[in-house]
Amino acid sequence: MRMIVRVLLVALLALGLAACQQEQPKPKPSVGVVDMETVFKTSQGGKDAVAHLETIGKSLETEFGRLQEIGQNAPENVELQQQLGTIFQGLQKSFEGAQQEDFNVLNESYLAALEKCRVEAGMLVVLNKQAVQKADPSVDLTDKVIAEMNKTKIAFKEFKLPEIPAINTNSTNSTKAAPEANATAPAPVTNSTAK
């Protein structure tokens, strides 16, 4: 009887060892990475955002040039120079606002694509690839996020050049000294042959 028990114990141990040696299925990775910079540079939405901002920049550059020419024609006119400075600042702020709006629209599309890819891959967390020193290529979602973003056309808000107030180029406020009040004006020239 003892012999039967020993044989059974040895058989059970052998079965247990065999079960342990069988390959366990690999768990799905729960952490992924994405190269956000690459997504923004190479996705169609990122390229469209750059093109949109370049178009805005060109229209503002044209307006800056026109205003700069006005200022160069009257460098001594302090009031005009101040007015132009205020207009330049307003144009710069409008460009910065357009940049922020475009980024917000692009980022919203990116986050939606990232979330869809994260869920499909069964990942709990996706980190920015630049914050990770090393990651297996199998957990990199960059290409999938780009492909997902490219499925949707991103519409950017139309930029309208801000209204520019009338520019007073005839201002008398200048750095040059004004003529003295008591100075006599030259006599008008008359045509002596006129009857």
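I take contact to mean heavy atoms within 4.5 Å. The model is predicted, so I note its limits: local features need pLDDT of at least 70, side-chain atom pairs count only at pLDDT 80 or more, and totals for chains, interfaces and linings use all residues. Residues are numbered from 1 along each chain as its sequence is written, and side-chain values use heavy atoms, with hydrogens and water left out.

**Entry 1: Thr142.** I looked up Thr142 and found it in helix H5, residues 142-149; helices (H or I, at least four residues) and strands (E, at least two) are DSSP runs, numbered from the N terminus. Thr142 is buried, at 5% relative accessible area; buried means under 20%, with a 1.4 Å probe and protein chains only. Apart from neighbours within four places in sequence, Thr142 is in contact with Val33, Val34, Asp35, Thr38 and Val39.

**Entry 2: the largest nonpolar core.** I define a nonpolar core as a set of buried Ala, Val, Leu, Ile, Met, Phe, Trp, Tyr and Cys residues joined through side-chain atoms within 4.5 Å. The largest one has 18 residues, and Val34, Tyr110 and Val145 are among those with the most contacts inside it. Strand E1 (31-34), helix H2 (36-42), helix H4 (78-121) and H5 each supply at least two residues of this core. H4 gives the most, with five residues. Not counting residues up to four places away in sequence, Tyr110 touches Val34, Met36, Val39, Phe40, Val145 and Met149.

**Entry 3: helix H3.** I then listed the buried residues of H3, which include Gly45, His52, Leu60 and Glu63. What covers the buried residues of H3 includes H2 and H4.

Terms used
Buried means under 20% relative accessible area, exposed over 50%, partly exposed in between (1.4 Å probe, protein chains only).
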